Amino acid sequence: MPFREMSREQMWMLPPTLDELLPPDHRARFVAEFVDALDREGWAELGVEMVGEPMGAPAYHPRALLCVWLYGFMTGVRSCRKLETACREQIPYLWLTGWQRPDHNTLWRFYRKHRSDMRKLFERTVRTAVTMGLLDLAVQAVDGTKMVANASKDRVYDAEEVRALLGRLDKTISELEAQNEAGEDEPAVNLPEELADKKVLKEQVRQAMDDLAGRGRQKCINLTDRDARLMKSSQGIVTGYNAQAMVSPLEPSVGANGMFVTAADVVDEPNDSAQLVPMLEQSEETTGARA
């Protein structure tokens with residue numbers, strides 16, 4: 001069997017169009033159709049002004065940047081630097097941006113400015129899929145995964161331990177204040193750093209005691225992140241949250257396999273069993289249709 005000719009210096013007499021590089025049924029086309037369909041009101045919800053500044057160098061179009069982020073979310077790429085690389089190397093991203101290559105700083109600035117409104121886009125994308133008949137809402141599955149909080153589990157205390165810690169702090173603060181007053185120098189205008197830190201910690205402990213008293217069944221609290229809870233995960237006991245996601249499969253008539261996220265939330269309840277009904281309600285609100 002002969003080999004095919006191969007040359008990296010091959011030239012085209014008639015170059016292909018950008019649209020020819022992407023198959024007609026590629027999922028990036030759904031992202032592009034969705035973003036292109038956003039009207040002025042939709043962009044206003046995101047806080048995006050669709051009229052560019054008259055002065056200065058031309059900026060990347062918001063449609064291109066939003067396409068990059070949405071397609072990144074869809075394919076599991078959420079790092080600005082990885083998205084920058086994808087915009088230089090991967091055909092779907094190059095197609096979505098019109099062969100432009102935004103850098104990671106540009107992508108991050110766009111996301112940081114508009115991320116609080118991204119949840120509205122989540123609802124719009126799901127409703128668009130429902131309107132197009134892509135989802136089989138007869139089947140809905142929910143599951144949770146534990147997310148580690150930015151807080152050490154060593155700073156988790158129950159009510160008795162909090163009271164003991166407060167007692168030790170009072171004693172330490174009294175000793176530091178005595179040392180500060182015993183010197184012959186003039187009193188410092190500002191508190192010594194160690195004393196100031198202890199007083200801040202004491203205020204945190206008092207707030208934690210108040211929170212514990214008002215939370216009924218909750219027995220422990222973390223001084224760094226008072227919303228985080230101790231949870232059992234695959235990595236053992238962690239201080240964190242329980243992230244929930246509800247999915248529905250694509251309609252069999254679509255001719256493709258896959259799942260569509262119809263609801264997402266983060267809770268501080270370790271057990272998944274109590275999340276089914278709230279997630280069903282959120283899914284109904286997002287899709288506008290009852291399962």
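The structure is a predicted model, in which local features need pLDDT of at least 70 and side-chain atom pairs count only at pLDDT 80 or more, while totals for chains, interfaces and linings use all residues. Residues are numbered from 1 along each chain as its sequence is written, and side-chain values use heavy atoms, with hydrogens and water left out. The protein chain holds 10 helices and six strands, these being DSSP runs numbered from the N terminus (helices H or I, at least four residues; strands E, at least two).

**The chain as a whole**

- Of the 291 residues of the protein chain, 33% count as buried, where buried means under 20% relative accessible area, exposed over 50%, and partly exposed in between (1.4 Å probe, protein chains only).
- Among contacts (heavy atoms within 4.5 Å) with a separation of 6 or more, 66% are between residues 24 or more positions apart.
- The chain exposes about 19,600 Å², of which carbon and sulfur atoms supply 51%; accessible areas come from the Shrake-Rupley method with a 1.4 Å probe, and for residues only the protein chains shown count as cover.

**Strand E5 and its partners**

- In strand E5 (residues 236-249), 10 of the 14 residues are buried, so the strand is largely enclosed by the rest of the structure.
- Strand E1 (residues 141-148) runs antiparallel to E5 and is joined to it by eight bridges, with Val-148 opposite Gly-240; two strands pair if DSSP finds at least two bridges between them.
- Strand E4 (residues 229-233) pairs with E5 in the antiparallel sense over five bridges, and the two form a hairpin with two residues between them, Ser-233 having Gly-236 as its bridge partner.
- Strand E6 (residues 259-267) is likewise antiparallel to E5 and joined to it by eight bridges, and here Ala-243 of E5 is partnered by Val-266.

**Helix H10**

- Helix H10 (residues 276-287) has 12 residues and reaches 16 Å from its first C-alpha to its last, close to the 16 Å expected at 1.5 Å a residue, the expected span being 1.5 Å times one less than the number of residues.
- Its buried residues are Met-279, Gln-282, Ser-283, Thr-286 and Thr-287; seen down the axis of H10, they fall within an arc of 120 degrees, so they line one face of the helix, the arc being that of the directions from the helix axis to the C-beta atoms.
- On the other side of H10, Val-277, Glu-281 and Glu-285 are exposed.
- The cover over the buried residues of H10 includes helix H7 (118-131), E1, E5 and E6.
- Gly-288, which follows H10, has a positive phi near 75 degrees.
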